[in-house]
Amino acid sequence: MKTYSMTPEDHELVTEAKKIIVARYEDDKHHVGAALRTASGEIVSAVHIEAYVGRITVCAEAIAIGSAISSGKKDFHTIVAVRHPYSDEVNRELSVVSPCGMCRELIADYAPECYVIVEQDGEIIKTQIGELIPLKYTRTN
């Protein structure tokens, strides 16, 4: 997987994702926060919404993308998601998490050149969404 150097702006994005989930965390409701930076440098953050019926849960990345689009922001540069531990977990550290498959599709649909910050082998890295979803189906293939 091709990776790119983390910039101070990338670290700021991780911090914003951590801030939103710490501020909004609730057991069984919100345990993932995401932050999205636009090409112009604006940051949009959001938390996921969990539902008793798991398949209607909506990921933080999807909510951040929807919020950005609803505010007229379309050019996405970088996105990151951070997981907050549940209250009964011993390890209390926040962790950067990789987007699920549906979020990978969504990110690639709306920002095919978007960078994604993930954790790999204990290291925070940055890659492009295409690296996380190779051979993506599109209208042209």
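## Inside and outside of a predicted fold

Let's start with helix 3: its buried residues pack against helix 2, strand 3 and helix 4. Keep in mind that this is a predicted model.

**Helix 3**
- The residues of helix 3 that are buried are Cys103, Ile107 and Ala108.
- They span an arc of only 135° around the axis, so they sit on the same side of helix 3.
- Here's a handy rule: an α-helix has 3.6 residues a turn, so residues three or four places apart point the same way.

**The nonpolar cores**
- The largest nonpolar core has 22 residues, and Leu36, Phe76, Ile79 and Ile129 are the ones that touch the most other members.
- Quite a list of elements gives two or more residues to this core, including strand 1 (32–38), strand 3 (76–83), helix 3 (101–110) and helix 4 (129–132).
- Helix 2 is the top contributor to this core, with four residues.
- Leaving out residues up to four places away in sequence, Leu36 touches Leu13, Ile43, Ala64, Phe76 and Ile79, among others.

**Out on the surface**
- Tyr52, Val53 and Ile56 make up a nonpolar patch on the surface, and together they have about 420 Å² of accessible area.
- You'll find Ile56 in the loop between strand 2 (43–47) and helix 2 (60–70).
- Ile56 has a relative accessible area of 55%, so it counts as exposed, since the cut-off for that is over 50%.

Note on methods. Residues numbered from 1 in each chain as written. Predicted model: local features only at pLDDT ≥ 70, side-chain atom pairs only at ≥ 80, totals over all residues. Heavy atoms only, no water. Patch = residues over 30% accessible without salt bridge, like charges linked within 9 Å, V, L, I, M, F, W, Y side chains within 5 Å. Areas by Shrake-Rupley, 256 points an atom, 1.4 Å probe, with all protein chains shown as cover. Salt bridge = Lys/Arg side-chain N within 4 Å of Asp/Glu carboxyl O. Buried < 20%, exposed > 50% of the residue type's maximum accessible area, 1.4 Å probe, protein only. Core = buried A, V, L, I, M, F, W, Y, C linked by side-chain atoms within 4.5 Å. Contact = heavy atoms within 4.5 Å. Arc of directions from axis to C-beta.
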